[in-house]
Amino acid sequence: MPAAQMFEAIALQSTEKAYSFHDELYEHQDEMKDKKDALLLELAAKVGADVKRAQADMKSDVVKKRIEDDTAEAQQFDFHGTPSFLINGVGLVGVPSQETVNKIVDRWLDKKPG
């Protein structure tokens, strides 16, 4: 939850910085066990976020609502972990085969008007 809160707090400053934070966090995920909150602050600073503002925004109603909305949407598609994919309204949990993805896309393309 703290990582999601920090991501959303940084996104209030800059979407680009938020996705850079996401990528950095993914690269350093093995450090989360030991560093926890310190790592979040370190990575937020590394991507150029205003860390003090992000810390305050993490507790804001705006960030709370964004996470609640994301969680509700994930539950609609029975997403409960990663990887999960949403392709043209079809939720897939786990890694789908190329054949499965092709069928979903082809079905959508067949319905698309001329």
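Modeller: Ala, Val, Leu, Ile, Met, Phe, Trp, Tyr, Cys and Pro count as nonpolar, Asp, Glu, Lys and Arg as charged, and the others, Gly among them, as polar. This is a predicted model, where local features need pLDDT of at least 70 and side-chain atom pairs pLDDT 80 or more, while totals for chains, interfaces and linings use all residues. Residues are numbered from 1 along each chain as its sequence is written, and side-chain values use heavy atoms, without hydrogens or water.

Colleague: How do the residues lining the largest pocket divide into nonpolar, polar and charged?

Modeller: A pocket here is an open set of points on a 1 Å grid over the protein atoms alone, where a 1.4 Å probe fits, with protein on both sides within 12 Å along at least five of seven lines. Lining residues have an atom within 4 Å of a point. The largest pocket has 28 of them. They split into 17 nonpolar, seven polar and four charged.

Colleague: How much space lies in the largest pocket?

Modeller: Grid points are joined across faces, edges and corners, and the volume is the space filled by probe spheres set on them. For the largest pocket, that comes to about 1,000 Å³.

Colleague: Which residues lie nearest the centre of the largest pocket?

Modeller: Start with the elements, where helices (H or I, at least four residues) and strands (E, at least two) are DSSP runs numbered from the N terminus. Those giving two or more residues to the lining are H1, H2, helix H4 (37-46), helix H6 (61-76) and strand E1 (84-87). Nearest the centre of the pocket lie Ala4, Phe7, His22, Asp70 and Thr82.

Colleague: What is the angle between the planes of Phe7 and Tyr19?

Modeller: Rings of Phe, Tyr and Trp (its six-membered ring) pair if their centres lie within 6.5 Å; planes under 30 degrees apart are stacked, over 60 edge-to-face, the rest tilted. The count comes to two aromatic pairs. One of them is Phe7 with Tyr19, 5.2 Å centre to centre. It is edge-to-face, with the planes at 75 degrees.

Colleague: Which helices does the pair of Phe7 and Tyr19 link?

Modeller: The two residues are twelve apart in the chain. Phe7 belongs to residues 2-13 and Tyr19 to residues 15-27. That makes the linked helices H1 and H2.

Colleague: Is Phe7 buried or exposed?

Modeller: Buried means under 20% relative accessible area, exposed over 50%, and partly exposed in between (1.4 Å probe, protein chains only). Tyr19 has 48%, so Tyr19 is partly exposed. Phe7 has 16%, so Phe7 is buried.

Colleague: What covers the buried residues of H1?

Modeller: The buried residues in H1 are Met6, Phe7, Glu8, Ala9, Ile10 and Ala11. H1 itself has twelve residues. The cover over its buried residues includes H2, H4, helix H5 (51-58) and H6.

Colleague: With which residues is Asp57 in contact, leaving aside neighbours within four places in sequence?

Modeller: Asp57 sits in helix H5. Its relative accessibility is 17%, so Asp57 counts as buried. Contact means heavy atoms within 4.5 Å. Beyond its sequence neighbours, Asp57 meets Ala9, Leu12 and Val63.

Colleague: What separates the C-alpha atoms of Glu16 and Val47?

Modeller: Glu16 lies in helix H2 and counts as exposed at 66% relative accessibility. Val47 is 31 residues away along the chain. Their C-alpha separation is 9.2 Å.

Colleague: What is the omega of the peptide bond between Thr82 and Pro83?

Modeller: Pro83 is in the loop between H6 and E1. The bond joining Thr82 to Pro83 is cis. Its omega is about -5 degrees.

Colleague: What is the phi of Asp78?

Modeller: Asp78 also lies in the loop between H6 and E1. With 55% relative accessible area, Asp78 is exposed. Its phi is positive although Asp78 is not a glycine, at about 60 degrees.

Colleague: Which residues does Leu86 touch, not counting those up to four places away in sequence?

Modeller: Leu86 is in strand E1. At 41% relative accessible area, Leu86 is partly exposed. Gln29 stands 24 Å away, C-alpha to C-alpha. Leu86 touches Glu73, Phe77, Phe79 and Gly91.

Definitions and conventions: The expected span of a helix is 1.5 Å times one less than its number of residues.
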